[in-house]
Amino acid sequence: MQGRPTELPAWRSLRDHQRTVAGMHLRELFAADPGRFDRFSVQGAGLFLDFSKHRIVDETLGLLTALAGQAGLDARRQAMFSGDPINVTESRAVLHTALRNRSSGPVLVDGVDVMPAIRRVLGQMRAFSEAIRSGRSVGHGGQPIRDVVNLGIGGSDLGPLMACEALEPYAGAGLRVHFVSNVDGAHLGRLLKRLDPASTLFIVASKTFTTQETLANAHSARTWLVSGLGSESAVAKHFAALSTNLQGTAAFGIPDDRVFAFWDWVGGRYSLWSAIGLSIALYVGMDNFDAMLDGGCAMDQHFRGAPPEQNLPVIMGLLGVWYRDFWGAASHAILPYDQSLHRFAAHLQQLDMESNGKRTDLQGRDIDYPTGPVIWGEPGTNGQHAFFQHLHQGTDWTPCDFILPLRSHYPLGDHHRMLMANCFAQSQALMQGRTAEEARAEMRAQGRDAAATERLVPHKVFPGNRPSSTLLLPQLTPYTLGALIALYEHKVFVQGTIWNVNSFDQWGVELGKVLAGRILQDFGNGVPASGHDASTAGLIRRALGGAGS
């Protein structure tokens, strides 16, 4: 697509159509259409999506799928899976899908099949993880590894951390996994107090082996290890690296056979499928890591093959565009009703906001329409006692995704039925709301007097008509987690295609890195350099002089 999406015929039709739908209430749409749930629900790759509680009618879905067609979704999707350099600002292919490709066919980048290299790294991950988990590979003093510490940031932390938390029921006994990302010494220091260097393995996750925060943590961990074990040679037994910089890893003391490669066509926020997922393989075993790849591959096949009106990523992506661009919804809530997914929203924050938080289109033009929303959320039922008040009665409304496994790994008493009941009730309440007359009737039934009832009525009215999707998983397993992650990756891709942005670069993180490097030099020199604004220079001087100066 060379033009702006706002110039497409379907965009203009949707703008007009929104004015018609704006006068409809979901409560009335359900009352008038007993088949609405069946018509607006789909399944694929083991997941079930109910999108009937959205402010849409049949015409809406038709116009949205027409928009996808006019924006060139089919061609761009094919280009991604084919290894074309669709990351145009960095001239790179985008092939996280190849990492989970379970077919025997080739995937070409610049005419070279990348699958043999991918399979080679997967084999290396299997051999290493099985050796550590079985106790065949031991530390410097002969002790088995009991703690694995992943040192990374961004996609080298959020994705693997989320997956390990989600898959805890599959973890092997006796092996703990930890994640350190923040350059704040408290993050690493508090963890090291609990660890024994003789039984700890550090994984340094940095493609270039130059990431400032990660390398600072890695060098501090190295110092702690060598001090505790009394030998520089211990580094070789207690460190591994996920990197392409063999010179840098060798200088650090990590042997080449403990360095796991990945490629420049793997974006950080899409990298948990690669060697960046080594911590996952160590924690839950390579068979379960493979099952996660299977789930991701199944969603890839669904995304490639299902027609738009039955395609989960396409539907979810288009609904996001519908609310962001035609209703002005500035944020989107992720509400997993499973405590094991308590880091899922954080992972999606990077996936979505780093991908589509863009103000420049593929042709380098300033964008004059809304792009990626703010992504946020927490697990239910905790969120119900925190921010759901805003969702139900706030002046702004937020589209929501409820995510619920139908079976729990922890079937304690009636807990899971209570969890499911709360999930379904919240989406119903957002959709249905409560009228003034319903509030009056409820308070009369409670025996309140008329005056008290009338005072409270305005406070107990819920407008409803607030849209949500509900995603059902049979159970949170490696397979369904893989499908769920891939679903959101492709949803982001669909929206980036509609908005005509590059979802695979992240130039917005670069400026802060550059400026931080300059300020770090100022701390070394003991004085702020010229060229800072008055505020920044003043803050640097105050920091150099101590908080009391």
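Select helix α21 to begin. It is mostly covered: 21 of its 22 residues are buried. You are looking at a predicted model.

Now check the helix length. α21 runs over residues 478-499. At 1.5 Å a residue, its 22 residues should span 32 Å, and the end C-alpha atoms are 32 Å apart, so the two values agree.

Keep α21 on screen and think about its faces. An α-helix has 3.6 residues a turn, so residues three or four places apart point the same way.

Step past the end of the helix and select N500. This residue follows α21. Its phi is positive, near 60 degrees.

**The cores**

Next, select M125, W265, F344, L481, L484 and Y488. These belong to the largest nonpolar core, which has 118 residues, and they touch the most other members. Which helix gives this core its largest share? That is α21, with twelve residues.

Center on W265. What does W265 contact, leaving aside neighbours within four places in sequence? The list is A93, V94, L95, H96, L99, V109, V114 and I118.

Another core lies apart from the largest one. To find it, select V149, A218, A221 and L225, which are among its 22 residues.

**A glutamine in helix α17**

Move to Q393. It sits in helix α17, residues 388-393. Is Q393 buried or partly exposed? Its relative accessibility is 27%, so Q393 counts as partly exposed; buried would need a value under 20%.

Show what lies around Q393. Leaving aside neighbours within four places in sequence, Q393 is in contact with H459, K460, V461, F462 and R466. Zoom in on two of them. The side chain of Q393 reaches the backbone oxygen of H459 at 3.1 Å. That side chain also reaches the backbone oxygen of V461, at 2.8 Å.

Now pick R466 together with Q393. They are 73 residues apart along the chain. Their C-alpha atoms are separated by 9.9 Å.

Take C400 as one case. C400 is in no disulfide. The nearest cysteine sulfur belongs to C423 and is 11 Å away, whereas a disulfide needs the two sulfur atoms within 2.5 Å. C400 has 0% relative accessibility, so it counts as buried.

Finish on C164. This cysteine has a relative accessible area of 2%, so C164 is buried.

Note on methods: Residues are numbered from 1 along each chain as its sequence is written. This is a predicted model: local features need pLDDT of at least 70, side-chain atom pairs count only at pLDDT 80 or more; totals for chains, interfaces and linings use all residues. Side-chain values use heavy atoms; hydrogens and water are left out. Helices (H or I, at least four residues) and strands (E, at least two) are DSSP runs, numbered from the N terminus. The expected span of a helix is 1.5 Å times one less than its number of residues. Buried means under 20% relative accessible area, exposed over 50%, partly exposed in between (1.4 Å probe, protein chains only). Contact means heavy atoms within 4.5 Å. A polar contact is a pair of N or O atoms within 3.5 Å; within protein, one must be able to donate a hydrogen and the other to accept it, and residues adjacent in sequence count only if both atoms are side-chain atoms. A nonpolar core is a set of buried Ala, Val, Leu, Ile, Met, Phe, Trp, Tyr and Cys residues joined through side-chain atoms within 4.5 Å.
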